[in-house]
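Please look over the structure shown below before reading on.

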Amino acid sequence: MTPSPPIVFTHVRIFDGSGAAPFAGEVRVDGNRISAVARGAERVSHDNARVIDGRGGVLMPGLTEAHAHLTWPTSVEKLVPGMSLPPEELTLTAARNARILLDHGFTSCYSAGALGRRIEPALKAMIDSGGLPGPRLVASSVEREPPKDGALDPGKVDEHGAGPVNVAAFVKGCKDIGAQAVKFLISGESALKPGASQQLLYTEEELMAAGEAAREHGLWLTGHAHAAAAVKLGVRAGFRVLYHCTYADEEALDLLEAKKDEIFVAPSIGIIQATLDATPPPHFDMTHMKQDAEVVLARQKALVPELRKRGVRLLPGGDYGFPFNPNGRNAWDLELWVRHFGYTPAEALHAATALGGQIMGQGDELGQVKPGYLADLLLVDGDPTENVAILQNRHALAAIMKDGRFHKAPHEALNAAATLA
Ligand SMILES: [Zn+2]
């Protein structure tokens, strides 16, 4: 790839990811990194730079989706009834969804599991080599649950025997195909099967074996955990990311708090609110799903502020990709955090940016507007710290930069004053 000229964003207000209010200033990008940030009347060097006039818009770090399912087929561009597609369509749909997330300002995605074994490692390699547009991706393999019969089991795509030895072998296999995160359904999902959220799908021995294998091979474990016992087992087995944690009791909260520097929690509220809001076609009965979602929402509204008080790192990300909760709508989670969890827009944005860099394993170089950080930037035509819902409108994103390159370059009109020295 030919090197891009240095870029200077001027006439912008900078939301740096810390959660502090935006400040007037300038940002310079050299190569793929932010090289300078100026405040107030200070200026960065304009030498040799293409200067972008932000016209008072907010420049902020790109967003992170902490519960991404690029292979969940439905997106804002295409409704796919159900969850299954032939392998060729599934692979291409995942690539399309990667581009859609980037179009909507998500420059990083932490995968919560896939519907195909090697789709995400392959997609990540294509994106990272510049061959396809998409976010930075922590790739995963097939979302795992133990073998069993079931109508809607995303995890039964390939064989995975029971017992600690087989579970450890599965984790090792994920390493071999280039996945970084391994997803387990520690407990079931009541939205799919009544009562399942309270059932453990793995034994303690199996999860401990998974934890040992993950540490041995340098992988991260990601767990779907509703039941209190599932949260506790996940923490004890060394899971790095836990979703939901809906029924966490006092002991589970204490365990999460004790591991707060190692663990991330994504409550995943998008899917819950979408379930409550959905008006399904007549042949699809969502009564039970809606009842469950009501219980989950009530619990999450109490749980999230409590975990936050205890210093646990919480991230937006909401299981997008279902027909009623499409990929591309991911920024809706931020509005829901403000509505349900007592976050200000700036606090929700901090969670989606600075904490996003941390969940990607790059907290020292990703997710903030700071000298030395990777240049993943959004230029917003408006102020998301005033109205976080603005990020749901991709047309409000005047520019999207990933790794120092524009995925969406500022429009010529916006760029009338730009100069190329
Ligand atoms: Zn999920």
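## The zinc site and its surroundings

In sequence, the residues that donate to the zinc ion follow the spacing H-x1-H-x249-D, where donors are N, O and S atoms within 2.8 Å of the metal (3.2 Å for Na, K and Ca) and water is not among the atoms, so sites may look incomplete. These protein donors are His 67 (NE2), His 69 (NE2) and Asp 319 (OD), and they lie 2.1 to 2.4 Å from the zinc ion. The table gives the burial of two of them, with buried meaning under 20% relative accessible area, exposed over 50%, and partly exposed in between (1.4 Å probe, protein chains only).

| Residue | Relative accessible area | Class |
|---|---|---|
| His 67 | 1% | buried |
| His 69 | 1% | buried |

This is a predicted model, in which local features need pLDDT of at least 70, side-chain atom pairs count only at pLDDT 80 or more, and totals for chains, interfaces and linings use all residues. Residues are numbered from 1 along each chain as its sequence is written, and side-chain values use heavy atoms, with hydrogens and water left out.

The mean pLDDT (the predictor's confidence in each residue, from 0 to 100) is 93 for the chain, and 93% of its residues reach 70 or more. Over residues 149-158, however, pLDDT stays under 50, and the model has 20 contacts (heavy atoms within 4.5 Å) for them beyond four places in sequence. Residues 413-421 also have pLDDT below 50, with 19 contacts in the model beyond near neighbours in sequence. Where pLDDT is low, the predicted coordinates should not be read in detail.
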